[in-house]
Amino acid sequence: MNVVIVGCGRVGAVLAGAFDDAGHRVTIIDTQTLAFDRLPSTFKGNAIRGNGTDEDVLRRAGTEGADLFLALTEGDNRNVMAAQVALEELGATKVIAKINDPVRARAYADLGMPTLCRTNLIADVVLALFGLPTSGAPGVMAPTGQHPGGEAHHDAPPTGGGHVATTEA
Amino acid sequence: MFVIVVGGGKVGYYLAKELIGAGHEVVLMEKDRARAAQITDEIGSIVVAQDGCEGKYLAEAGANRADIVAAVTGDDEDNLVICQMAKHHFDVPRTIARVNNPKNEHLFKHLGVDEIISPTRMILGSIEQDIPVHELLHLAALGHGELELIEAQLTADSPAVGQVAKDLDLPDGCAIFAVIRSEVAMPIRAETVLMEGDKVIAIGRPECEAALHGQLIGEAEGASPNVEVR
């Protein structure tokens, strides 16, 4: 698979290393070159310095026709925009945007964008441990609507499925 | 009309002020508390000191009954999210976004933003009226000036678009050898088909320029400006 990751934070670096180890072609983008220090020393993929919401940068990173595109920066809006550029302008096959604000995450899932909400993920693990009701959102919220203007680029998102409660308890 | 302006920078500030002057109802959203307080001091209590990207605060600002939401922050990604939230969650009839990177215009339109204002594009348009862009760009003079390296960007009107490189009628003493396409450089081979947007790199004697211009850019109107360049 061709994998493009925007944001070389902890999660981005771990995933880049893991996909690379598994033999996939990985390109990771960050605005800071220092961020690439987080990558494992064995990383054989590409690291590109640039703004991941910029279409030119994404094109250079091989987003056109990428099999998987992950937007994992610290900015919800940056992730939303990067993911929509990848999906709508560059035709990436599978796109996931990290959106930490649960309201916005739900809103974009309703718009047809697979979203990953760290807030819900962590809160649900804690709530499940203490037997309290969880948000019920699986790891990746399945798109429940059609992305505006988008054809069905995305089939089922690559979700771990199920509730965090059952996998973590 | 009831207008929600998101972003209290210079654009948002003067926009709100003008709208109020014209008798419209205005709410300005600015997430920076200090800036919000300053604007409140100057034009009155029309400011919601919250992030306009969040649905909760858009609701508090009255997005449910807004006629227009204008997203004029300095960040394209914020403006996009504001307009999408306004459109899809509050059914705001008209959304307007400021776009800084002209390349984002298409995406914004495609995703349903009603109006897009790009200051970059407007200034660019104004400059391009004065300086023709369909020009050959001199990259370097080689030797003692007997050869020069030239770049030509192909537009839709260029006669070379759609042509195979070997079919171009280039003057003697001049060669095209590389093309930059989507920021990737590649050699021009006999079978290379030239496309709109390509930057063609040529090398040749200065006197070949007019012919090169005719082949790659198209015949110049009136006096050929490239002759005067030298």
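Predicted model: local features only at pLDDT ≥ 70, side-chain atom pairs only at ≥ 80, totals over all residues.

Helices here are DSSP runs of H or I with at least four residues, strands are E runs of at least two, and both are numbered from the N terminus.

Residues are numbered from 1 along each chain as written, chains are lettered from A and ligands numbered from 1 in written order, and side-chain values use heavy atoms without hydrogens and water.

Entry: the start of H2(B). I looked at helix H2 of chain B, residues 33-43. At its start, a side-chain oxygen of Asp32(B) comes to within 3.2 Å of the backbone nitrogen of Ala34(B).

Entry: the interface. I checked contact, meaning heavy atoms within 4.5 Å. Chain A gives 22 residues and chain B gives 22 residues. The two chains bury about 1,900 Å² between them, 57% of it on carbon and sulfur atoms. Buried area is the accessible area (1.4 Å probe) lost on putting two parts together, summed over both.

Entry: salt bridges. I used a side-chain nitrogen of Lys or Arg within 4 Å of a carboxyl oxygen of Asp or Glu. Asp56(A) pairs with Lys103(B), with the closest N and O atoms 2.8 Å apart. Asp56(A) sits in helix H2 of chain A and Lys103(B) in the loop between strand E5 (94-98) and helix H5 (105-110) of chain B, so this pair joins two chains. Between chain A and chain B I count three salt bridges. Another is Glu54(B) with Arg104(A), at 3.6 Å between the closest N and O atoms. On the side of chain A that touches chain B, H3(A) gives the largest share, eight residues.

Entry: helix crossing. I fitted axes to C-alpha atoms over the stretch in contact, with angles from 0 to 180 degrees between N-to-C directions. The axes of H3(A) and H4(B) come within 8 Å and cross at roughly 85°. The two helices are therefore roughly perpendicular (65 to 115 degrees). Residues in this contact include Met81(A) and Gln84(A) from H3(A), and Leu80(B) and Val81(B) from H4(B).

Conventions
Parallel < 35°, antiparallel > 145°, perpendicular 65-115°, else oblique. Polar contact = N/O pair within 3.5 Å; in protein donor to acceptor, adjacent residues only side chain to side chain.
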